[in-house]
Amino acid sequence: AKDLALLARRAFSNRVIRDVIETPSYEVNYNNPNGRPPATIATTVKMKQDGVDGVIGGKTGTTPEAGAC
């Protein structure tokens, strides 16, 4: 768990990453020649879904392509 805490601390210090994690959902636009459509990443953290202020957390989960992590 210590390694994840260190990684999270470092990631949360990046403004772009922090902006993404502070939102209940975020649309990702891919810049690639394959024409992949945008994807929406949504949190499963109930407090974020409910709009509780001050909640910070990383988004984890699955995609059809990656499967369960």
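So, what percentage of the 69 residues in the chain is buried? The answer is 6%, where buried means under 20% relative accessible area, exposed means over 50%, and partly exposed is in between, with a 1.4 Å probe and protein chains only.

Before I go on, a word about the source. This is a predicted model, where local features need pLDDT of at least 70, side-chain atom pairs count only at pLDDT 80 or more, and totals for chains, interfaces and linings use all residues. Residues are numbered from 1 along each chain as its sequence is written, and side-chain values use heavy atoms, leaving out hydrogens and water.

Okay, the layout. The chain has three helices and two strands, and from the N terminus the order is α-α-β-β-α. Those come from DSSP runs: helices are H or I with at least four residues, strands are E with at least two, numbered from the N terminus.

Now contacts, meaning heavy atoms within 4.5 Å. Of the contacts in the chain with a separation of 6 or more, 33% are between residues 24 or more positions apart.

By the Shrake-Rupley method with a 1.4 Å probe, where for residues only the protein chains shown count as cover, the chain's accessible surface is about 5700 Å², and carbon and sulfur atoms own 56% of that.

How many salt bridges are there? Just count a side-chain nitrogen of Lys or Arg within 4 Å of a carboxyl oxygen of Asp or Glu, and you get one. Arg15 pairs with Asp19, with 2.8 Å between the closest N and O atoms. Both sit in helix α2, residues 15–21, four residues apart, or about one turn of the helix. Arg15 is partly exposed at 48% relative accessibility, and Asp19 is partly exposed too, at 37%.

Last stop, a ring. Arg36 lies over the face of Tyr30, 4.2 Å from the ring centre. The rule there is CZ of Arg or NZ of Lys within 6 Å of the ring centre and within 35 degrees of the ring normal.
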